[in-house]
Amino acid sequence: MWIEHRSLFLEELLRMEGRGGLQEVPCSDCGGSSPEFKCEDCFGIDLRCSSCITAAHQRHPLHRLQKWNGNYFERATLKSLGLRIQLGHTFGQKCPNPRRAFNDNFVVMDSYGIHEVLLDFCDCVEAESHTQQLLRITWFPSTTADPKTAATFRLLEEFHLLSFESKVSAYEFYSALVRRTNNTGLAPVKDRYESFMRMIREWRHLKMLKRSGRGHHPNGVDATEEGDCAVLCPACPHPGKNLPDDWEKVPRAKSWIYALFLAIDANFRLKRKIVSSNTTDPSLSRGWAYFVEEGAYKELLAEKVDVLQEKSTCSSHNAVNMADTKTSRGLAATGLGTINCARHNMKRPNAVGDLQKGEKYVNMDYLFFSTLRHTSLQTLNVSYDIACQWHKKLWQRMTAFPISMHFDFVSKVIDFFVPKFHLPAHIEKCQTTFSFNFKRGVGRTDGEAPERGWANINPVASSTKEMGPGARRDTLDDFFGDWNWKKVVGLGTIMLRKMKEALPERTNQQIALNDLEEGLKEDYGGVLDQWRTQVEAWEDDPRQPNPFERNADVITLASVRLALAKEDEAEIQSGSCLALHEDCSPSVLISSGLELEEQQRRLRADKAACGLHATDTQQGKLVERSNSLQRRIEAWVKIQALYMPNISALRLSDQATSTNTTSVPSSETFKLWLPSQIGRSAPCDERLQRTEWRLRYAQGHDALRSLRSSLRAQTAVLKYKDRNLRGQGANTRARNTLKTIDARIEAAASRYEGAHKALVILGGLLAETGWQSSLRPLNRQDIRSMSDLLWGESEGRRKLSWIWNMRGAGGSEKDDTGGLEDMRIEWCKARARAMRWGEEVELLQEEMRRILAFLMWEAARWDERQDSVIPTSLEHQDGCVAYAKRQAFLRRELAASFEARWAETLAQPDNINDID
């Protein structure tokens, strides 16, 4: 559509380069002939003479002019026309004692560009300072000592908001401003970049103080305490602000409704180079917002620099341990640690601090105890991706911190969790012990709040990493404050969306649980009450048996080998041993055969990995391994002939039917002729077949455990790589790690496929059934992590790969205990889903109530501030009162808006009884 009118638009743009039909028109003001000037920023296009355009811009001294030179319009300035800006007096009033700015040349930065103007300060006896005179016309001076440069409030506000929304750096914004002033390079613009950096930093700080009410405090800004300038989360519980007076007396069964949810995380993109120092570049605040007070923080870290951190016992922490070895060369901070409210994703007061070398406990402990000083709640739910390891000695480590940071954990209820997205990368025990899905009183919290916030702040890393320590802390404090405020004003929409999702899900999950229990009553009715008692006991005391875990012993290859050895021992002692070799029983023969098979598989994989261009050293090592394996196979074959005498004939027959009869099979391709390979082609001792079946069954489970472990490691490394690694070197090392993990995954899959193939054959020979429920055929699409989606799947329709649906060996389908255990776990999970959605509705209702109460408390607090300020003048008092009234009105309007938006949804009838 627009293409058809493209020429028209271009024609009008070119028309504006000329006088646009005003060639013979007189001055639009005085009627004089030959007007030469027009303004780019005034409404409409008029030509005026020099005196008229100067008079018209007494109130618009920063507009941009153009002058017709007879051929085209060229840039002109009001300064060149002699326009002087007088400060300290009302408009039109002449100052009897003006004082010109330094060198009669003042620079003003504005949205229209960088201007040089003629400026007169008022130097009368009762005149205000030069700084005040500039501020009262909304010009922000770059310095308080004889200012020569200023920026308009409009420009600072424009950059301030633009930096929040687009993450534009001060350098990029200033460069654009320079180009808007002159984009030809023929008229260099005076460099005021450092002045702009200083002004925007001061502007950020002043806005923070103003919005937090510090300008209304009777003792002034210096009375500000740590965390006073943080924007608090209205939905979180705050005693004395948004909780009932008797909240501490609520029954224990309902105390979870007043719990505080915390989420801990680290970000390794927000680095800082070794630039400047705290002495040269101190922060403008002292822990007044989100960062901890730097002095005390660094002092404690210096005392703990030699403290060794215990190693993780959970497989998921390989990626975290990589952070400990991250290079810190040239960096003053390798990243940032933070504590958020886990349900609403807002930064907490005094909960942010620099990391010096990786995600060490001492850093995260300090941030955790620092932010807990701001709460007196009795119930805490703490989420951390390494919570299973971090929480073990937390209270022991707390004793090394200052007394002011000690936390009375004995009298409180504290639960630790691992975020849902991170949980699949942990060992199996952690996946039930630290799961948000299974513990009572947490609703549908997922613990991943900090991850969502990093996406907003990460783009500023390119500019903050070059800043000094104080400037970086002040800048990030400002960004975190804006993030929190955007969350506050968006709570109306966010909470409504969550409630609309939770209400039908609560109903659906309760119906699903009811249907499941109805179906179980016929076969399992007698044990339902027992299951309920068991799961409630675990919810009350996690030290009790976990009903979400299988109680069956895990079958491993090592345990089966031990059992076979004990059986051999019993036969020897009873005199019934029929071993045909003094050093090798039938079970040892088959077990050794499986070991040889595994060595063959590894040798084939290593040869394939070397490719066609292996070095002499690589080839030499492979030949040595092949020779060693060949000698072991030859020794094993001699013993095999004693127990399986028909093997020689099978080998001869196999060689006769082979397509290549002249070549000798290599060690890695030599066919061992285990009972599963013989099948029904020749007779075989049933004892040997059953021995192999037992070993293969355990081998299959071993291979699955190895496969799951490698997939968890792959998930952890990929997550760490995506979040934290930048640069070719770091990514190359991570790719090498992933390549090693991929090889382990392939090896485990190959080992499982071999075991499953053998079990299919032996199961038919021995009439073994039931094992297929736990050891299914493995397809390539089954080899995926818990969080991976198949093509076309969405999160709501995702199906878990069957390899994650079992823990250890499930047992035979004929085993009533195994079936009963499966049903218990499924019922526990269904119950947990129904409970979590029910809790989510209750939590959302309570959070909505808290939000409204908090906003009204804030409004009342701003009302009080109207009278608490100690004014320096009537004008100051008038401004303070007006600002306090506006802030109080804003809070009440937000509360009314939220309440009206939620009213219809909250009025829906509640047909589902609470689940106890």
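**Exercise 1. Work out how exposed R440 is, and what R440 pairs with.**

Step 1: R440 has 33% relative accessibility, so R440 counts as partly exposed. (Buried means under 20% relative accessible area, exposed over 50%, and partly exposed in between, with a 1.4 Å probe and protein chains only.) Keep in mind that this is a predicted model, where local features need pLDDT of at least 70, side-chain atom pairs count only at pLDDT 80 or more, and totals for chains, interfaces and linings use all residues. Residues are numbered from 1 along each chain as its sequence is written, and side-chain values use heavy atoms, with hydrogens and water left out.

Step 2: The side chain of R440 meets that of D540 in a salt bridge, at 2.3 Å from N to O. (A salt bridge is a side-chain nitrogen of Lys or Arg within 4 Å of a carboxyl oxygen of Asp or Glu.)

Step 3: R440 sits in the loop between α12 (430-433) and α13 (449-457), while D540 belongs to helix α16 (residues 491-540), so the pair ties together parts that are 100 residues apart in sequence. (Helices, H or I with at least four residues, and strands, E with at least two, are DSSP runs numbered from the N terminus.)

Step 4: D540 counts as exposed because its relative accessibility is 56%.

**Exercise 2. Find what the salt bridge between E165 and K486 ties together.**

Step 1: Here the N to O distance is 3.3 Å.

Step 2: E165 is in helix α4 (residues 153-166) and K486 in helix α15, so parts 321 residues apart in sequence are tied together.

Step 3: E165 is exposed at 54%, and K486 is partly exposed at 34%.
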